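Have the viewer open and follow along.

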Amino acid sequence: MAGKYRSSLAREEKMVEVAQLPTSFGHELRACRRCRLVKTYDQFRESGCENCPNLNMTAEHEYVVEYTTPNFTGIITVMDPTRSWAAKWLRIAKNVPGCYALAVSETLADGYDDE
């Protein structure tokens with residue numbers, strides 16, 4: 001499901017990376033504690049976080065548990081973060097298109113917040 005799409009809004013034709021969309025919207029959703037990307041546990045385990053490859057979630061399933069949380073509020077889907085006022089307001093304008101938590105109640109330990 002993750003992949004690339006051709007941006008119709010851009011003046012020049014370029015491919016933009018897109019995060020996987022959640023395959024389910026039940027209790028199994030988790031949000032990345034660094035960038036707030038929302039996917040299922042299995043999706044984080046299979047492909048990690050598209051915004052935070054340095055967290056290396058695909059290496060160990062413990063990393064998914066450590067770097068994501070089921071404790072978040074709300075979901076917003078952002079198709080073109082660079083043009084979205086909501087993405088700018090939520091400070092996710094530099095992230096890949098995808099589903100994001102409006103607020104995450106847990107943060108990463110010091111040293112992982114900076115990229």
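## Ground rules

A residue is called buried when its relative accessible area is under 20%, exposed when it is over 50%, and partly exposed in between (1.4 Å probe, protein chains only). Keep in mind that this is a predicted model: local features need pLDDT of at least 70, side-chain atom pairs count only at pLDDT 80 or more, and totals for chains, interfaces and linings use all residues. Residues are numbered from 1 along each chain as its sequence is written, and side-chain values use heavy atoms, with hydrogens and water left out.

Helices (H or I, at least four residues) and strands (E, at least two) are DSSP runs, numbered from the N terminus.

Let's start with S3, which covers residues 29-32. In a regular strand the side chains alternate between the two faces of the sheet. Here, Leu29 and Ala31 point one way, while Arg30 and Cys32 point the other. All four are buried.

Strands pair if DSSP finds at least two bridges between them. S3 pairs with S4 (residues 38-40) in the antiparallel sense, over 3 bridges, and Arg30 has Lys39 as its bridge partner there. The two strands make a hairpin with 5 residues between them. In that turn, Arg36 has a positive phi of about 75 degrees.

S3 also pairs with S5 (residues 68-69), again antiparallel, over 2 bridges. Cys32 is bridged to Thr68 on that side.

## What surrounds Thr69?

Thr69 belongs to S5 and is buried, with a relative accessible area of 0%. Its contacts (heavy atoms within 4.5 Å) include Arg30 and Ala31 from S3, along with Arg33, Val104 and Glu106, leaving aside residues up to four places away in sequence.

With Glu106 there is also a side-chain polar contact of 3.1 Å. That term covers N or O atom pairs within 3.5 Å; within protein, one must be able to donate a hydrogen and the other to accept it, and residues adjacent in sequence count only if both atoms are side-chain atoms.

## Two tyrosines

Searching the whole structure turns up 1 aromatic pair. The rings of Tyr63 and Tyr67 have centres 5.8 Å apart and planes at 35 degrees, so they count as tilted. For the cut-offs, rings of Phe, Tyr and Trp (its six-membered ring) pair if their centres lie within 6.5 Å; planes under 30 degrees apart are stacked, over 60 edge-to-face, and the rest tilted.

Both sit in helix H2 (residues 61-67), and because they are 4 residues apart, about one helical turn separates them. Tyr63 is partly exposed at 29%, whereas Tyr67 is buried at 5%.
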